[in-house]
Structure formats: structure tokens, C-alpha cells
Amino acid sequence: MPRLKYASILRVLLILGLFCVWVQIMLSATNGALDKDGEELMNSNETSEQVLALVPPELHKYLTVHPRNSSANATERYSPKNVSDILRAVQRVNGAQTIYNEDLFGPVQNDTIIIAIQVHTRLTYLRHLIVSLAQAKDIDRTLLIFSHDYYDEEINNLVRSIDFTKVMQIFYPYSVQTHPLEFPGMDPNDCPRDAKLEQALKLKCNNALHPDLHGHYREAKYAQTKHHWWWKANRIFNQLQCTASHTGMVVFLEEDHYVAEDFIHILSLLRTTADKTCPQCEILCLGTYLKTYQYHSTSDKRKKHLTLNYIQQVRAISEERRKRQHDTQTWNYQVYPNLYANTQKVEITPWHSSMHNMGMVFNRTVWTNILELQEQFCAYDDYNWDYSLLHLSQNRPGREKFKVILCKGPRVFHIGECGFHHKKSNCNASTVISKVQKLLQDAKSYLFPARVTATISAGGAKHNKKLIKGNGGWGDLRDQELCTNMTRVERQMRKYIYYT
């Protein structure tokens, strides 16, 4: 009898273990489908007539969606590709370091403004970002560096069609796309995200001993964003030939940002004001998240209408952690013009990740200071690059936190409503883009101010609250090691990642 009872218990435990694995597989598939659906829906949106009406006709070419044949539908972006061919293409482009339009606009100078744009797959948003950049004054004096973590010919053709300034493409070579079945992608033997430690040890999965601080295991697509940002910054400051002696400013944007036509002018005013008023200000910021945006955040509210379905409950809990405050926020453009006037204000305050991460600007000197604390950045258990920088800022030995000087009337806007973090079923890129266009049209007479007025703020409770722990997603030692070795030249890194 004892032997039968023991066998029965083992069978029950085995069934429970298999059920947990099945749940994790279903969650991954469902979340993946949601991510695909959100991005495909967004990419399939046609630009509305209202949006086109506010875009100069000569720039409509950047918004044109070329028809595809019957075999090239909206899912083509996610269809199987030859990984070896993509890796060779990535190596070729990264090695060539081609600067397009250099013959038209001249070589990169040491003080050339570099605009670094992190690109995933949201093509519609990227189109509108390019249109906004094309309308910016003095854009022809900049270098646009598009940093990709997904190789896609339609995106490449769009970027290479830019004819209003110098352009370069770089490709993050350790992406999920190019390593689909091995780290830093998702190895088949990696632990399921929600597996318990005991279960992971029984499964003998790769990273069983290293869950994050919340008890979860890594998710490759989320870890990739921090890796990509870190690699991109290192590539620009330390590895490109054209920036070897660069001492100017680097503006950090993302594919779902939109810029005002005077953002370069405002950047110059910020720098001049910082030199006179705040020499210790290490970061400039062109985009802000303010209370007057009339945000309606739901990131801290648990949904009370959850069904008893176990998978739905687990999904809801897992999504709670991933949502960051501005990912679920909406705003009313009618409140923005109050921030634009004849005398426009800039603020000097401690830098905070969730408020000053959009249109962030710094130079090589600041990057050098960041590199001195790379181990803190790479070891911090948070899959967000900006929160990792905040941790670094708050723990600089013998030095104050980063200070930022920012414009109260934003010149960089977040237009992303669909894609990576968003799961909206009715998202439409044109809706938000038209709001931004209308805002800038209303504020047009106040753009290009002759001067700005600086105020100093100690920051609110949120600024001064020290991070106790991160958001997780970064407990895997492989992620920490890869991040640390990003500062080495690529040929040295190949001992950590082997191309297939």
C-alpha cells in the first residue's frame, strides 16, 4: 500500500508539472500572437487624409505603402527567414559603415549632431518619425543613425530612401531574430518564465538557478531592448570610424517618437542655457511627461473582472509587471498650447527615468562616466535601460545624481499606441499622430523662441525616492555577462555568442 500511495503522489506531481509547462507554452504563444497582431494592425493602418493634409506633398513618399503581391501579406514581417543570410547581411552592413548622402551634405564633423534612432518593427510609426525629421530646420546638418534589432527589407528601403540628410544604419547583431533557438534568443531548454525554482531544478533548464528578483525567468524579447540600447550607445561612441573623435551631442530617439520642427533650435538653446546656468547638467531632454498631459494610467489597477480561467489570471498578473506608466497613458492635445508662449521655460532638475527618457541627449563625456559604472548597469535586475540608468545615477560614488535640463513645452512626442507594450485591439496610428500635428500647428507661432527662462527644481517625491529594487527580467547571468562585454570590440564578444 505505501508503494501504491507513493506512486500515486508521483503521478499527481508529474501531471501538475506537465500542466504548468503547458500553461507557460500557451501563455507564450498567446502573448506572441498579441504582439504580432498589435504590430500587424498598426502596420496595416493606412495614413488618414487628415494626417496627410498636414504633411507637405513632397514628403508623402515616406508614407507610401507599396503594394505587395499575393504571397507577401501583412504577416511577411514575421515569416521564417534564412538566419544565416540575415547574419551575413548584418555583418556586411556593420562592417561597411556606409554613410548615405555624405556626398550631398558633407562629412561628419566632430560637433555634428547625431540622432540615434532605435528601431524594431513598427514601420508606420517610423514613417511618421521620418516625416517629422524631414520638416525640422537644420536637419541637413545632422547624421541620422538608425539602429535596428530586426532585419527587414521594407524598413531598410524606407531608411535608405531618406534624401534630406546623412544616414547610417547599424544592426544589433545578437538579436532574437538572428538567434531564435539559442541565447540571447529563447533556447528550447530555457526555463519557462513562470516556473517555480523547484520545478525549474527538476526540469534542469539552462537558467534554473537564476530567476529574477520576482522569481521569474528571462523573456528574450524584453531583455533584448536593454541589450540593444546598451550596444547602440557603445557602437556609436566607441566603434564607428566617423565618430572616433566626436565630441558633439547624441540625441536618443525611438521609432515611435515624433519631433517638432524646431527641436534642433531648442536643443541649441538648452545647451547654451546649461553652459551658463548649470554646467553640472549632464543630460538634456527634449520630451517630457507632465501632469498637465491629463494622463489616465491604469498600470496600478488590478482588473476586477478576471474570469476564473487560470490562463487569463496568470496572463493578467504577468502583464502587470510589464506595463510602465506611460505605456497606458492617453493625453488631450488641447492642454499642450498652455506650455508654449513668447517666453518659454526650461527646468533644471534631477534626472528621472520615467520622466526624462524621451529625446534624451548627452555627449561622449557623459557616456564615459556611464561606462565607469557599467557593472552596476549590467548587474541591476531590471530589463529597462532607463531604470538601469536611474539606478546607476542614484549610486554614483562621491557624485550627485544626473541632472537634466529640459524644455517644459515638449519638442519630442510619443505617438506609439500599438506594438511592443500595447495590447489595444482598436489602436490606430493616425489618431495620435493627428493630435500631435494639430498641437504643433496650434503652437506654430511660438516655435523657434529667441530665448528661454530657466528654473531650478529639486524634484518631487518621485524624483527623490531611491530605487530599492528593479522591475526584474534581468536575473539571468548570461544577460549580465553579455551586457558587460558589450564594451569590448565585437570580435572579442564572439566567444560568448556563436553565429549559426
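Reader: Is Arg 218 buried or exposed, and what is its relative accessible area?

Author: In this predicted model, local features need pLDDT of at least 70, side-chain atom pairs count only at pLDDT 80 or more, and totals for chains, interfaces and linings use all residues. Residues are numbered from 1 along each chain as its sequence is written, and side-chain values use heavy atoms, with hydrogens and water left out. Buried means under 20% relative accessible area, exposed over 50% and partly exposed in between (1.4 Å probe, protein chains only). Arg 218 is therefore buried, at 3%.

Reader: Which residue forms a salt bridge with Arg 218?

Author: A salt bridge requires a side-chain nitrogen of Lys or Arg within 4 Å of a carboxyl oxygen of Asp or Glu. The closest N and O atoms of the pair are 2.8 Å apart. The partner lies 261 residues away, in helix 16 (residues 477–484), helices being DSSP runs of H or I with at least four residues, numbered from the N terminus.

Reader: Which side chain meets Arg 193 in a salt bridge?

Author: The N to O distance is 3.0 Å. Arg 193 is buried, with a relative accessible area of 4%.

Reader: How far from Asp 149 is the nearest side chain of opposite charge?

Author: Asp 149 is buried yet has no salt bridge. Lys and Arg count as positive, Asp and Glu as negative, while His and the chain ends are not counted. The nearest such side chain, Arg 122, lies at 9.3 Å.

Technical notes:
Helices (H or I, at least four residues) and strands (E, at least two) are DSSP runs, numbered from the N terminus.
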